[in-house]
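Let's take a walk through a protein together, starting at a loop and ending at a helix. Keep the 3D view open as you read.

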Amino acid sequence: MTTPLVVGNWKTNGCQSESVNLARAIVRLKRRCPARVQLAVAPPFTALASVTRALRRSGIGVAAQNCHWLESGAFTGEVSPTMLRDVGCDMVILGHSERRHIFHETDAVVAQKVEAALRNGLRVILCVGETLAERRQGRTAKVITRQFRIALKGLAKNAIDNIEIAYEPVWAIGTGQNASPVQIARVHRRIRQLLTGRFGKAAGSRSRILYGGSVKPDNAAVLATTGEVGGFLVGGASLAAESFMSIARCFNQELN
Ligand code: PEP
């Protein structure tokens, strides 16, 4: 089984000192009681450099929460993939629903970002997910399929080695209402079919698919045992080291 991946998305929370303290607390807990997973955190841009330093030699990855698709130029306020590599980032989250819905990022924009991030040596965590209205209209599979196909259009087959897909139903993000294991399993199976169709059988069977949406210490164990879940993308509950690590440790039993 591929090692699960648990990523904490800190969003727009924490100045440098708070972010560094949180990173150090995660390292301490990881040493005391290891989680048998790969860990990564996604601090705000302003804390990326200091968190990267704080996590050096910890084995914990650092992801950015977004990036632009060009290396440099007149794009006021944007951060390029080259700059992310320069501060020591390993990964970038792209297509997060807050980017899609609050900042109106289209599938085509997400696709440009995915291509640029990969070209610059970043691993990509690509988020896909339906809104509540789309789910109620029975369009979940259709929406996921469209987001997946457009975001990954034109990539070489081996690009998938550097991509994680995270299923994040929009209605579950920050709402305290997680998707049920049955709902998750159904969408993850669809994503696996898409992976197989697009990148081949081996990629389809070995890729881990993350789930994100109100994952908390008290529901993580149940969600982690949903066969199709290969890790979590955690928002709110990743802002405290204890809850983040207790979520990560849920996979320990799974791996026994
Ligand atoms: C997220 O923003 O990716 C997320 C899953 O948030 P939360 O865990 O707070 O629902």
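This is a predicted model: local features need pLDDT of at least 70, side-chain atom pairs count only at pLDDT 80 or more; totals for chains, interfaces and linings use all residues.

**Around the ligand**

Lys11 sits in the loop between β1 (5-9) and α1; helices (H or I, at least four residues) and strands (E, at least two) are DSSP runs, numbered from the N terminus. Residues are numbered from 1 along each chain as its sequence is written.

Lys11 is not a glycine, yet its phi is positive, near 50°. Which residues come nearest to the ligand? Of the 14 around it (a heavy atom within 4 Å), they are Lys11, His96, Gly174, Ser214 and Gly235. A side-chain N or O atom of Lys11 is 2.5 Å from a ligand oxygen atom. For the side chain of His96, such a distance to a ligand oxygen is 2.8 Å. Gly235 uses a backbone N or O atom, 2.8 Å from an oxygen atom of the ligand.

Now find Ser214, in the loop between β7 (209-212) and α10 (217-224). Ser214 also has a positive phi, about 55°, without being a glycine. Ser214 counts as buried because its relative accessibility is 8% (buried means under 20% relative accessible area, with a 1.4 Å probe and protein chains only).

Finally, follow the chain into helix α1 (residues 16-32). Its 17 residues should span 24 Å at 1.5 Å a residue, and its end C-alpha atoms are 24 Å apart, which agrees; the expected span is 1.5 Å times one less than the number of residues. Among the buried residues of α1 are Ser19, Val20 and Leu22.

Methods: Side-chain values use heavy atoms; hydrogens and water are left out. Buried means under 20% relative accessible area, exposed over 50%, partly exposed in between (1.4 Å probe, protein chains only). A polar contact is a pair of N or O atoms within 3.5 Å; within protein, one must be able to donate a hydrogen and the other to accept it, and residues adjacent in sequence count only if both atoms are side-chain atoms.
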